[in-house]
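Hi,

Here is the structure I said I would pass on. Have a look at it first, and then read my notes below.

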Amino acid sequence: MPKSDPTSLLKLNRRQSLQLGAASTALGLLATQQGATPVQAKDGGGTKAPRSPAWPPFMDALPVAKPVASSPALVPPAERHLHTSANLIEAGRHDHQHFELFPASTAHYELHAQESEHQFHDQGPRDQKVWGFNGKLHGPTIQATYGKPVIVRFYNELPENSQGFGSPEISIHLHNLHASSGCDGFTTDYFSSKKCYTLNHPDSTAGLSRPGQFKDHHYPNVYAGFTGQVPPVGDACEALGTLWYHDHRVGSTAPNVYKGLAGFYLLFDKLDSGNENDADPQALRLPSGVGVYDIPLMFQDLQFDASGRLWFNTFDNDGFLGDKFAVNGKVQPYFNVKRRKYRFRLLDASVSRFYEFYLVHKGVAQDFAYIANDGNLLPAPLTMSKVRLGPSERGDIVIDFSSYNQGDELFIVNRLEQLNGRGPTGTLLTPGTPVLKFIVGGLPDWPDNSRVPPRLRELPDISAVLKKVKRTRNFRFDRVNGAWTVNGKLFDPEVPTVEINQGDAEIWELEVNGNWWHPIHIHFEEGRILSRNGKPPPPHEQGRKDTYALGPGEKVRVLLQFRDFSGKYMMHCHNTVHEDHDMMIRWDILPPPKPV
């Protein structure tokens, strides 16, 4: 295991130097964010959090967004190469890979990152300044289908002179699509509404420097493993379901996502078709209708000052916790349900908080069907009474309300104690905090033909993959001299920590050194946990994952493949405060050699 190199923490690249310089003015921004009351600094440079107003719970209805409609065409049209025209210039990016192989001819989406006003609670201010897409907090839900590629055109219309926390430059990561490196949202490939910024040389492979008003992402919506196939469809066992997109701007991911730059991207295919009345015998017929009986839920803990204004601590690099719980942008909302089955897609979009959710009725935990982890359907549903999620983890569950009476109330309750950015204490609180209330109504308008079948999506056979593993790598996540490190080093966006040949398979050992929790996210490829602390993983972690929650001293061995695409990708802690303070690495997939 490599030892930490203390001198590496003193060698700041230009980005890190500017980040430290920006922090020197952040206290003023934090204190004046939308008229917030100034806070007193603690010893050690921290700040004392205000106490949020004592808002009563369950005053607001849960916002439930239906899928946004695609645009019939883009002007100018998307191209493989960087697009420039007389009026619109695309921000710097590398060429789309496999663009001609997976043409996005009909499905196009235009997402405008904008500042808008939002009310988090019925008793809170209505003119709260937030960030989101297309004029709302968070982004619209995109519903896509395997075999139908799409182009998402991102416009940055955030005010460049914005006051308070957050950076008006963006780089959007679709977590965790199998896609081209240039569309992965690498942390230094960020751009503003007027120019594309980078702290690297224009010819650097880490960042791109070119003015632009928008940036196109090509999402092929293809299963992994398509290389060499005719037609190139990949392996349906590699399908993803519940994805989300969010800002990934270097040094500002935590405040930017906290402020609203996130949204859902849902993928369907022949098996998980999104149609509970599907006559195809292969269709699972899970509860369907996004925004009707298929409900994405984004959980965040938020902090407000005495006036009800959103507050964020820019100085504490341990992590950030809020004292209010929001779902889809509302603090402790309620949701009216029919007496039938619902699919809920739970996402922990918090900065640092872990959750352990229970479904509670009259003080008693209720069972439900646990069908997917990190957006990947399990081979078979699990009967569970709880869901443990770390930042960026997802869990899909099915709740059947048909056995309850009209007027019954059920609650999603968080019982996991967490006191600071270190992570959960392990203590389960009784009764815990109710985060979302369900109010059971009458019978549905039409018969409930949905089901939870005994088998869901089979896992890919990994026996052959294990035989072709080229090497095992160890990554140690640590805190050295107050800085968050991977193998004792700070993040350097210009130097890949590892380089892998396209098509290779490897085992990555992820290990925590110290008494902290780190949810480790690996971009691009889903992995399989081979062992957790030398033992088989629990049943809900035996599927495919992209985030691996590690507690103090824990170690997981993950099998990964690196297929179909090449270029730069990332691994980092998804406690986004740790990420923003350099607990990241860049890793590259090397393209296959060109034929002689």
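Asp272, Asp294, Arg343, Arg345 and Asp396 are joined in a network of salt bridges. A salt bridge here is a side-chain nitrogen of Lys or Arg within 4 Å of a carboxyl oxygen of Asp or Glu. By that rule the count is 38 salt bridges.

Before you go further, please note that this is a predicted model: local features need pLDDT of at least 70, side-chain atom pairs count only at pLDDT 80 or more, and totals for chains, interfaces and linings use all residues. Residues are numbered from 1 along each chain as its sequence is written, and side-chain values use heavy atoms, with hydrogens and water left out.

For burial, I use buried for under 20% relative accessible area, exposed for over 50%, and partly exposed in between (1.4 Å probe, protein chains only). Helices (H or I, at least four residues) and strands (E, at least two) are DSSP runs, numbered from the N terminus.

- Arginine 532 and glutamate 554 meet through their side chains at 3.1 Å, N to O. Arginine 532 sits in strand E29 and glutamate 554 in the loop between E31 and E32, so the pair ties together parts 22 residues apart in sequence. Arginine 532 is buried at 12% relative accessibility, and glutamate 554 is buried too, at 17%.
- Lysine 470 and aspartate 504 form a salt bridge at 3.3 Å, N to O. The two lie 34 residues apart, lysine 470 in strand E24 (residues 469–480) and aspartate 504 in the loop between E26 and strand E27 (505–512). Lysine 470 is exposed at 56%, whereas aspartate 504 is buried at 11%.
- Arginine 80 pairs with aspartate 95, with the closest N and O atoms 3.5 Å apart. Arginine 80 is partly exposed at 31% relative accessibility, and aspartate 95 is partly exposed at 32%.

Now to the sheet. Five strands make an open sheet in the order E26-E34-E33-E28-E31, with mixed pairing; two strands pair if DSSP finds at least two bridges between them. Strands E26 (498–501) and E31 (547–550) are at the edges with a single partner strand each, so one side of each has no neighbour in the sheet. E26 runs parallel to strand E34 (residues 584–590), and four bridges join them. Isoleucine 500 stands opposite isoleucine 589 in E34.

On a 1 Å grid over the protein atoms alone, a cavity is a set of points where a 1.4 Å probe fits but cannot get out, while a pocket is an open set with protein on both sides within 12 Å along at least five of seven lines; lining residues have an atom within 4 Å of a point. Grid points are joined across faces, edges and corners, and a volume is the space filled by probe spheres set on the points.

Residues lining the largest cavity include Glu238, Pro460, Arg528 and Arg563. E32 gives the most to that lining, with three residues.

The second largest pocket holds about 520 Å³ of space. Its lining has 24 residues, and Ala65, Lys136, Leu137, His138 and Gly139 lie nearest its centre.

Cheers
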